[in-house]
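Here is a walk through one protein model, written for someone meeting it for the first time. Keep the sequence and the 3D view open as you read.

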Amino acid sequence: MTTIAAVRTALPPHRYTQDDLTEAIGDLCLTQGADRAMLRRLHASAGVRMRHLALPIERYAGLDDFGRSNDAWMTAGLQLGEEALTGALRQAGLEPADVDLLVCTSITGIAAPSLDARLAGRLRLRPDVKRLPVFGLGCVAGAAGLSRLHDYLRGHPQDTAVLLCVELCSLTLQQRDDSRANLVAGALFGDGAAALVARGSGCAGSEAAGPRVVATRSRLYPDTERLLGWDIGATGFRVVIDAGVPEIVRNHFGRHLCAFLAEYGLTTADIGTWVCHPGGPKVLSAVADTLGLDGGALDASRHSLAAVGNMSSASVLHILQNVWESQRPEPGTWGLLMAMGPGFCSELVLLRW
């Protein structure tokens, strides 16, 4: 089985309370005469207390085209990506030269050469390191990336693979756009990066590290392409968020999750640790309701949402790090890491501590 040897989050230094951001985001996004009361209600109900931004808030007004926003993504993304990746390798007791595969995911900027190629030289990764830059998975990419690392390591059990998620969501905020989707995004999303180190079953010492990946499951839901994603235009990435996401969770997600667990002789009652991407308060409530979870089962997700906002693909790794460090699950207990994203799709990763 694949062993998770380390996971590490890196956050930008510009930290703000939700109250601090409400009026500033209103100044950026609202058109003249727009209803600020609705914006304040959205921010108050988002379940977010603090967020980290890639730039000081006063600099966002100067990001008046996609080129400037993408340049800022590149600069801040490289810094945060390097911090997260070096921290995870240090935690795992490894060197950059030990990395055989680097999967790098981001949906908040684009570059060629990609972030992973630019980081390879900065971190002195081996010239023959395998790289896979991923765009388009969005919030699900933290879970899907771990699944694909597991797939690779099953075929290369002597190898070490790293997943790096870099998401600077604030740089996609659309100025003078008071659509509900843009305002919801402005209330929920924060910035950050996270890296996870995974090792194959043939690596020396892997048995002494963290949780094992037992199995994974991917799922696409038909006719849901417009639930979540981007409309891409001259000003960059304009968010698509449909209010129907919680309904998909209630109608389909729980049934598919329970069927997946049943294949391994498990039910939701057997899962001791839930690592769920915090799409937002309504999505978390829908997950808890459809699975019949007790009130505290998703507390780690709610705490992450409150502390740093929704950081897209990096969030589920941030939650995994917090669970690992604070809850210290008992050896032999089961965990489930899960996320949803554009497609509309979900990804499940069954863990054994």
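## Two cis peptide bonds

Let's start with Phe-344, which sits in the loop between strand E12 (334–341) and strand E13 (345–352). Helices and strands here are DSSP runs, numbered from the N terminus: helices are H or I with at least four residues, and strands are E with at least two. The peptide bond leading from Gly-343 to Phe-344 is cis, and its omega is near -15°.

There's another cis bond to look at, from Ala-112 to Pro-113, with omega near 5°. Pro-113 belongs to the loop between strand E4 (101–105) and helix H4 (115–123). For background, most residues other than glycine have a negative phi, and most peptide bonds are trans.

## What you're looking at

This is a predicted model, so local features need pLDDT of at least 70 and side-chain atom pairs count only at pLDDT 80 or more, while totals for chains, interfaces and linings use all residues. Residues are numbered from 1 along each chain as its sequence is written, and side-chain values use heavy atoms, with hydrogens and water left out.

## The whole chain

The protein chain has ten helices and 13 strands. Its radius of gyration, taken over C-alpha atoms, is 19 Å, close to the 20 Å that the globule rule gives for 353 residues, so the chain is as compact as a globular protein of that length. The globule rule is 2.2 Å times the number of residues to the power 0.38. Along its principal axes, the C-alpha trace spans about 60 × 50 × 35 Å.

Of the 353 residues in the chain, 58% are buried. Buried means under 20% relative accessible area, exposed means over 50%, and partly exposed is in between (1.4 Å probe, protein chains only). Contact means heavy atoms within 4.5 Å. Take the contacts between residues at least 6 apart in sequence: 80% of them join residues at least 24 apart.

## A buried leucine

Now find Leu-39 in helix H2 (residues 36–44). Is Leu-39 buried or exposed? Leu-39 is buried, with a relative accessible area of 0%.

Leaving aside residues up to four places away in sequence, Leu-39 touches Thr-22, Gly-26, Leu-30 and Leu-183. The C-alpha atoms of Leu-39 and Ile-25 are separated by 9.0 Å, and these two residues are 14 residues apart along the chain.

## Two loop residues with positive phi

Arg-124 isn't a glycine, yet it has a positive phi of about 60°. You'll find Arg-124 in the loop between H4 and strand E5 (130–134), and at 71% relative accessibility it counts as exposed.

Asp-223, not a glycine either, has a positive phi of about 60°. Asp-223 lies in the loop between strand E8 (212–220) and strand E9 (228–233). Asp-223 is exposed, with a relative accessible area of 74%.

## How H7 meets H8

Helix H7 (residues 245–262) packs against helix H8 (residues 281–291) at an angle of about 40°, with their axes 9 Å apart. Axes are lines fitted to C-alpha atoms, for helices over the stretch in contact, and angles run from 0 to 180 degrees between N-to-C directions. H7 and H8 are therefore oblique to each other; angles under 35 degrees count as roughly parallel, over 145 as roughly antiparallel, 65 to 115 as roughly perpendicular and the rest as oblique.

Residues of H7 that meet H8 include Val-249, Phe-253 and Leu-257, and those on the H8 side include Val-283, Ala-286 and Val-287.
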